[in-house]
Amino acid sequence: MRFILTVYAALVIAGMSASQSFAAEDGAIYGTVKAMGHKDVLAKWSAQTTEKTNDSLGYGNASNLPAGAIDYSNLSGIYVILDDPNYKGGRFHEVRIEPDGSWPSALAVAVGDKLRINNETENDITVYLAGDGDDDIQELPVIEAGRSETLVVELSGQLELGVDEIESVAVPVVSGPGWRTQRLSSGDEYEFEDIKPGDYSLVFWFWRLGSITQRVTVGAGKRIKIDQILSVDRIVK
């Protein structure tokens, strides 16, 4: 959970220091995000196969993984977060509560975004969103089996989405004002459009791999390409 707190703190500081100029012509940030295992381990596996793939950061990609190894190349649930003070929230995020757990496994959202909680169990459930403080809690009315309810995120920081009746459901949630977020799988492309010229923080985050934060200056009408790799040996925050 320490990675979640770190990414939240980094974005809050960046958001407080960002100065925005409201030019008529907006810009965009786009690119690709990948997840990779440890560089040395991948190199060892790559050497044992006939197919090798290298990228600009020196990572290889074994075509055949050993039994039990995590296939980072197909990892899902990676978030790209743009701290944009011009964004006021309001996006919907689907959450499924199932008898043996929940989907997704983690969430990055904006204050003002909406969580549509779908009860896919056979029983009524009580869902809450809680932070670290005693008063940092939001609760939904009881959700009947097969029904859904919507929760508007009012809290910011390091949060947890839980269910009173199912202890195994404990979804890590990070939230901040002005956070534009995109949920991707490894190798997917992302794009943030309609960005006012100015300085921003861009964060690449997976709750089990940590985060990498980049500062980026967006000029009027400019499209900026930023590719990034989240890896076991590249976590800087």
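Predicted model: local features only at pLDDT ≥ 70, side-chain atom pairs only at ≥ 80, totals over all residues.
Rings of Phe, Tyr and Trp count as an aromatic pair if their centres lie within 6.5 Å.

**First stop: the aromatic cluster**

Select Tyr 190, Phe 192 and Phe 204, which together form one aromatic cluster. A pair of aromatic rings is described by the distance of the centres and the angle of the planes. By the rule above, the count comes to three aromatic pairs. One of them joins Tyr 190 and Phe 192: this pair is tilted, with 6.0 Å centre to centre and 55 degrees between the planes. Tyr 190 and Phe 192 are both buried.

Now keep Tyr 190 and Phe 204 in view. Their pair is edge-to-face, with 5.8 Å from centre to centre and 75 degrees between the planes. Tyr 190 lies in strand 13 (residues 189-195) and Phe 204 in strand 14 (residues 198-206), so this pair ties together parts that are 14 residues apart in sequence. Why does Tyr 190 count as buried? Its relative accessibility is 3%, and buried means under 20%. Phe 204 is buried as well, with a relative accessible area of 0%.

**Second stop: Asp 194**

Remain in strand 13 and select Asp 194, which is placed there. Asp 194 is exposed, because its relative accessible area is 58% and exposed means over 50%. Most residues other than glycine have a negative phi, and most peptide bonds are trans. Phi of Asp 194, however, is near 55 degrees, a positive value in a residue other than glycine.

Next, select Trp 103 and Pro 104. A cis peptide bond joins these two residues, with omega at about 0 degrees. Pro 104 is situated in the loop between strand 4 (101-103) and strand 5 (107-110).

Select Asp 124, Glu 139, Asp 164 and Glu 165. Which kind of surface patch do Asp 124, Glu 139, Asp 164 and Glu 165 form? The patch formed by these residues is negative.

Centre the view on Asp 124, in the loop between strand 6 (114-119) and strand 7 (127-130). Asp 124 is partly exposed, with a relative accessible area of 42%.

Val 142 and Asp 124 are 18 residues apart in sequence, and their C-alpha atoms are 6.5 Å apart in space.

Key. Residues numbered from 1 in each chain as written. Heavy atoms only, no water. Patch = residues over 30% accessible without salt bridge, like charges linked within 9 Å, V, L, I, M, F, W, Y side chains within 5 Å. Areas by Shrake-Rupley, 256 points an atom, 1.4 Å probe, with all protein chains shown as cover. Salt bridge = Lys/Arg side-chain N within 4 Å of Asp/Glu carboxyl O. Lys, Arg positive; Asp, Glu negative; His and termini not counted. Charge placed at Lys NZ, Arg CZ, Asp CG, Glu CD. Helix = DSSP H or I, 4+ residues; strand = E, 2+ residues; numbered from the N terminus. Buried < 20%, exposed > 50% of the residue type's maximum accessible area, 1.4 Å probe, protein only. Phe/Tyr/Trp six-rings, centres within 6.5 Å; stacked < 30°, edge-to-face > 60°.
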